[in-house]
Amino acid sequence: MLNYRNELDKMPSYDGVEKNYRIKVNANESTLSLPPLVEERVLNRLALLAFNRYPNEEYYSLVEQIARNFSVDAAQILLGGGSSEIIEKVFHTFGGAGRKIVFPQPSFSMYKIYAKAAEADGVTFDLDARFDLDVDAFIAKIREIGASLAVVCNPNNPTGNVLTPAQVEKIAASIDCAFLLDEAYVEFYGRSAVNLVAKYPNLLVARTFSKAYGMAGARVGYMIAQAEVTRMVNKTFMPYHLNVLSLAAADIVYQMRDEFVPRLQMTIAERQRMKERLETLSGVEVFPSEANFLLIRLSRAEELKDYLETLGIGIRYFSPSAFGLKDCLRISMGTRAENDEVFAAIKNFLEVPL
Ligand SMILES: Cc1ncc(COP(=O)(O)O)c(C=O)c1O
């Protein structure tokens with residue numbers, strides 16, 4: 001019999017379902033790949049790579065660009081295989097047996113899994129019925145349980161709502177433990193808390209190339225924190241954990257990030273347009289969102305998800321056991337044409353008599 005690690009069989013798995021959808025608005029990805037000009041530069045760069053060498057130069061080139069952009073020291077930046085790797089390592093840094101890691105729910109479903117993987121207790125804090133976080137009560141909870149790490153996703157996935165920079169600062173200032181702010185969707189909101197890192201030694205900010213920069217396939221993310229924190233988190237990483245292809249691609253993408261502004265604006269405009277259209281449908285509740293997706297609630301959510309699948313449209317449905325997300329669906333923003341098709345399909349579904 002194979003002797004697996006204790007508790008591994010009880011480890012929950014990521015519950016996203018992936019299929020080959022014709023219109024894929026289920027995973028909060030960018031619906032567009034790289035802008036043609038950026039893609040051309042990436043491909044030219046890849047042709048020049050030294051595949052025989054470990055990726056030092058490419059790692060530090062990207063680190064330095066990011067540091068320059070945020071006016072921080074290069075020692076304050078860590079890169080990861082998506083922000084997933086960053087978040088997982090931060091959980092390992094502050095986790096361990098008997099430690100408590102607290103995060104709101106509903107939020108990114110992986111936090112629970114990372115807490116378990118770090119052998120820590122994942123402690124959830126319930127958002128209210130509108131998915132807002134009671135900041136004072138959250139701070140009180142962190143203190144009361146003596147958490148070693150608090151995690152907040154801003155804008156929050158899957159709800160789309162946000163904390164203001166002042167609320168983020170209040171949390172950072174009021175707790176002694178580490179505070180990880182997951183800013184995977186912050187480019188669609190525009191109000192990052194990276195500038196607070198200089199003031200708060202407990203603040204760690206995780207960012208990603210997967211969403212706004214359309215690079216989910218390359219798996220590149222980064223963390224910004226004070227140098228001492230970064231040094232400690234870095235101990236949990238393997239050497240050369242990022243491959244040279246992804247690093248070189250991200251380096252070009254970051255150099256050319258202005259090329260992404262029009263599509264960011266498009267996504268934000270589409271979010272507003274889709275929100276207004278969905279709000280015209282009776283029985284559909286649309287939650288406010290500052291991310292690249294919208295969360296809706298309607299009584300026949302599962303049936304609608306199945307109907308859309310028959311049309312080749314993939315949206316995110318949450319299992320009935322997911323806290324606070326009963327009858328909810330999450331729809332990432334596609335192109336205008338894709339969104340029109342998704343909307344028409346939802347409208348059609350709701351017009352068919354039961
Ligand atoms: C809130 C949040 N954080 C982090 C991630 C991880 O993204 P990645 O590893 O691609 O950077 C995701 C992915 O969907 C997410 O929704």
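Here is a tour in stops, each with something to select.

**Before you start**

This is a predicted model, so local features need pLDDT of at least 70, side-chain atom pairs count only at pLDDT 80 or more, and totals for chains, interfaces and linings use all residues. Numbering runs from 1 along each chain as its sequence is written.

**Stop 1: the two domains**

Colour 10-33 + 260-351 as domain 1 and 36-258 as domain 2; the bounds come from an automatic or database domain assignment. Their centres, taken over C-alpha atoms, are 25 Å apart. Where they meet, domain 1 puts in 29 residues and domain 2 puts in 27 residues, with contact meaning C-beta atoms, placed from the backbone, within 7 Å.

Now pick out helix H9 (261-279) and strand S10 (293-297), the elements that give two or more residues to the side of domain 1 that touches domain 2. H9 gives the most to that side, with four residues. Helices (H or I, at least four residues) and strands (E, at least two) are DSSP runs, numbered from the N terminus.

**Stop 2: the largest nonpolar core**

Select Phe 91, Ile 101, Leu 180, Leu 204, Val 205 and Met 223: of the 99 residues in the largest nonpolar core, these touch the most other members. Which helix gives the most to this core? Helix H8 (residues 244-255) does, with six residues. Domain 1 and domain 2 each supply at least three residues to this core.

A nonpolar core here is a set of buried Ala, Val, Leu, Ile, Met, Phe, Trp, Tyr and Cys residues joined through C-beta atoms within 7 Å. Buried means 20 or more other C-beta atoms within 10 Å of a residue's own, exposed means 12 or fewer, and partly exposed is in between, with C-beta atoms placed from the backbone.

**Stop 3: Met 223 and Val 233**

Zoom in on Met 223. Leaving out residues up to four places away in sequence, Met 223 touches Leu 78, Gly 80, Ile 86, Leu 204, Val 205, Ala 206 and Val 233.

Hop across to Val 233, which sits in helix H7 (residues 227-234). Is Val 233 buried or exposed? Val 233 is buried, because 22 other C-beta atoms lie within 10 Å.

**Stop 4: H1 against H8**

Show helix H1 (residues 36-47) with H8. They pack at an angle of about 140°, with axes 9 Å apart; axes are lines fitted to C-alpha atoms, for helices over the stretch in contact, and angles run from 0 to 180 degrees between N-to-C directions. That makes H1 oblique to H8, since under 35 degrees counts as roughly parallel, over 145 as roughly antiparallel, 65 to 115 as roughly perpendicular and the rest as oblique.

For the contact, show Val 38, Arg 41, Val 42, Arg 45 and Leu 46 of H1 and Leu 245, Ala 248, Ala 249, Ile 252 and Val 253 of H8.

**Stop 5: out to a loop**

Finish on Asn 195, in the loop between strand S6 (178-182) and strand S7 (203-208). Asn 195 is partly exposed, because it has 14 other C-beta atoms within 10 Å. Draw a C-alpha to C-alpha distance from Asn 195 to Ile 224: the two are 29 residues apart in sequence and 9.8 Å apart in space.

Methods. Two residues are in contact if their C-beta atoms, placed from the backbone, lie within 7 Å.
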